[in-house]
Amino acid sequence: MPSWLNRSQLVLVAALLAAGLAQFFSNHLDSYVLSVAMGVGINIILASSLNLINGFTGQFSLGHAGFMAVGAYTSAVLTGKLASQLNPLFGGQVHLLFPFALVVGGLVAAIAGGLVGAPSLRLKGDYLAIVTLGFGEIIKVIFQNVDYVGGAKGLNAIPDYSDLFWVFGTTSITVYTVWALLNSTYGRGFLAVADDEISAEAMGLNTTRYKMVAFVVGAFFAGVAGGLFAHLNNSINPSGFDFNKSIEIVVMVILGGMGRHTGVVLAAILLTVLTELLRRFGDYRMVIYSLLLIVLMLTRPQGLFIWPLGNTWWASLKSRWPFGTSARHPNP
Amino acid sequence: MSASGLHLNKVTIRFGGLTAVSEVSATVPPGELAGLIGPNGAGKTTVFNLITGVYTPTEGTIEFGGRAVTGLRPFEITARGIARTFQNIRLFGSLSVFDNVRVAFHLHLRQGPGQSLFRSPAFHREEHDLAERTRELLDIFKLDRVRNEPARSLPYGDQRRLEIVRALATQPELLLLDEPAAGMNPAEKVELMKLIQFIQDRYKLAILLVEHDMKVVMGICQRIHVLEYGRKIAEGTPAEVRENPAVIAAYLGYEPGNEPAR
């Protein structure tokens with residue numbers, strides 16, 4: 001059936017090409033703009049992967065920064081301390097070493113996700129949130145105490161391999177993955193698990209496995225985002241991956257509308273740009289940011305970009321949009 | 001005892017000091033429309049939860065299709081061919097009517113997370129096929145016109161019907177209906193009776209029905225099992241059960257000086 005589904009893969013390829021093209025012309029761009037743009041991409045990866053766990057599958061996790069840290073440290077070690085051993089493997093090619101490091105970082109984060117998820121996904125709601133919060137803190141403390149990765153000082157002089165292509169290529173793959181995973185009969189199971197676990201079980205869905213898949217895939221992309229982050233900032237330290245970082249990602253998901261794909265991507269863009277724009281206010285930045293969040297949550301608790309279906313230009317636009325019709329209906 | 005069908009053998013469950021269901025034995029042969037009745041708190045829904053694996057019996061065994069299902073998880077029991085509805089409707093509220101039914105084909109899926117990502121032609125054929133079968137089911141049960149509505153916005157009667165359709169999508173051999181007539185008016189109840197008989201006719205299912213409404217139960221069930229305080233007190237055809245003194249006593253009370261020892 002030659003349908004819009006196949007078109008989705010074309011869109012992915014087009015996005016990858018666009019990322020490559022953007023990189024090709026990137027030397028015309030101001031380096032500040034460039035780094036903000038990449039920050040946006042990384043936050044989109046973080047927010048949409050967390051959305052898979054928190055939004056679509058309904059498992060409230062507060063440990064996303066922990067998975068990000070695992071990926072960041074793993075990939076930074078691979079391209080730093082271990083680079084001399086690894087380089088012969090890739091013939092000294094950086095654009096082979098870097099993706100390898102990103103993927104390995106993602107995989108290690110995914111394993112961490114599996115290890116945390118296996119015992120804790122039996123828990124629900126607040127309890128799961130507390131366990132994942134604890135995991136995030138444990139990861140931070142572990143990195144603080146391992147001298148091999150610099151202890152509390154962290155790792156410095158990480159090569160700046162992150163560029164527009166890698167960041168937005170990965171962003172496209174993440175957005176596609178979450179979209180494709182959800183837009184299938186199998187993937188509707190994630191939403192079913194979020195809606196009602198007991199009745200999902202009764203319909204023959206292995207809810208434990210669904211939650212694990214969401215958790216592991218989410219952790220994988222958080223790890224990859226961590227890798228990109230490390231190679232963008234050139235230095236990482238444990239306190240950069242603390243509770244606040246997790247909350248920052250959770251805020252993007254909530255503001256975008258839990259379980260709304262496009263909304264969460266837009267919220268990630270908006271919040272990243274907003275924090276940058278607020279820099280001019282100096283010390284008042286976080287005050288204004290917090291106030292804005294409070295106002296937004298009071299006025300649009302259902303998510304910034306959610307309107308009742310069929311009432312606005314947004315709905316009509318959405319019906320023609322190949323991505324992001326998450327099939328989840330807003331609260332009446 | 002025949003190999004197929006559902007068999008409960010002296011099933012007991014205790015919650016702490018409370019014995020909710022005590023040594024209940026029952027058989028539902030393939031294709032039979034059976035009823036499970038009893039006063040409030042008799043343990044009817046608990047029996048359902050035991051059969052579907054929500055609870056594991058403290059003692060006794062449950063067999064279905066010749067194999068023990070005791071101790072399996074609910075989704076494994078559904079895979080063996082037992083589907084259910086819930087007393088307090090549990091649809092996937094934020095999903096559309098269409099997706100509620102589509103997701104229930106889960107057990108018969110060949111795709112997994114990998115195929116969702118790679119979207120091979122086989123994946124598309126399966127999606128197409130499932131959409132077709134979902135539409136067909138919705139069509140048969142007259143839910144097609146609301147297929148894009150979120151399930152939670154449906155009127156009550158439609159929600160009940162959708163829950164039954166969703167259970168049918170798992171392609172069960174035994175369908176457990178937990179108080180399907182609850183909250184319905186007399187006209188809707190007549191509709192429901194027709195619907196249940198239609199399902200049994202068309203899909204050649206065994207159906208076990210928990211119901212308070214005697215008109216519904218007596219009207220359509222071939223065999224009725226009666227519970228009181230977690231014990232089975234009677235079993236038989238509707239006519240037999242109606243005449244059974246223990247059943248009459250359970251519903252209406254005993255004549256003074258005539259109470260049986262319990």
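**Exercise 1.** In this predicted model, determine how many bridges join strand β1 of chain B to strand β4 of chain B, and in which sense the two strands run.

*Solution.* 
Step 1. Locate the two strands: β1(B) covers residues 6-15 and β4(B) covers residues 59-64.
Step 2. Count the bridges between β1(B) and β4(B); there are five, and the strands run antiparallel.
Step 3. Take one position as an example: Leu8(B) faces Ile62(B) in β4(B).
Step 4. Recall the general principle that strands of a sheet pair through backbone hydrogen bonds, either parallel or antiparallel.

**Exercise 2.** State the order of the strands in the open sheet of four strands in chain B, and identify the edge strands.

*Solution.* 

**Exercise 3.** Decide whether strand β3 of chain B is mostly covered or uncovered, and find the strands with which β3(B) pairs.

*Solution.* 
Step 1. A residue is buried if 20 or more other C-beta atoms lie within 10 Å of its own. By this criterion, five of the five residues of β3(B), residues 33-37, are buried, so the strand is mostly covered.
Step 2. Sort the residues by direction: Leu33(B), Gly35(B) and Ile37(B) point one way, while Ala34(B) and Leu36(B) point the other way.
Step 3. Examine the pairing with β8(B), residues 206-210: four bridges link it to β3(B) in the parallel sense, and Gly35(B) has Leu209(B) as its bridge partner.
Step 4. Examine β9(B), residues 223-228: this strand also pairs with β3(B) in the parallel sense over four bridges, and Arg223(B) is the bridge partner of Ala34(B).

**Exercise 4.** Describe the side of chain A that touches chain B.

*Solution.* 
Step 1. Count the residues in the contact: 30 come from chain A and 35 from chain B.
Step 2. Identify the helices of chain A that each supply at least two residues to this side: α1 (4-24), α7 (164-182), α8 (185-195) and α9 (197-202).
Step 3. Find the element that gives the most: α8(A), with eight residues.
Step 4. Classify the residues of this side of chain A: 14 are nonpolar, 11 polar and five charged.

Definitions and conventions
Residues are numbered from 1 along each chain as its sequence is written. Chains are lettered from A and ligands numbered from 1 in the order in which they are written. This is a predicted model: local features need pLDDT of at least 70, side-chain atom pairs count only at pLDDT 80 or more; totals for chains, interfaces and linings use all residues. Two residues are in contact if their C-beta atoms, placed from the backbone, lie within 7 Å. Ala, Val, Leu, Ile, Met, Phe, Trp, Tyr, Cys and Pro count as nonpolar, Asp, Glu, Lys and Arg as charged, and the others, Gly among them, as polar. Two strands pair if DSSP finds at least two bridges between them. A residue is buried if 20 or more other C-beta atoms lie within 10 Å of its own, exposed if 12 or fewer, and partly exposed in between; C-beta atoms are placed from the backbone.
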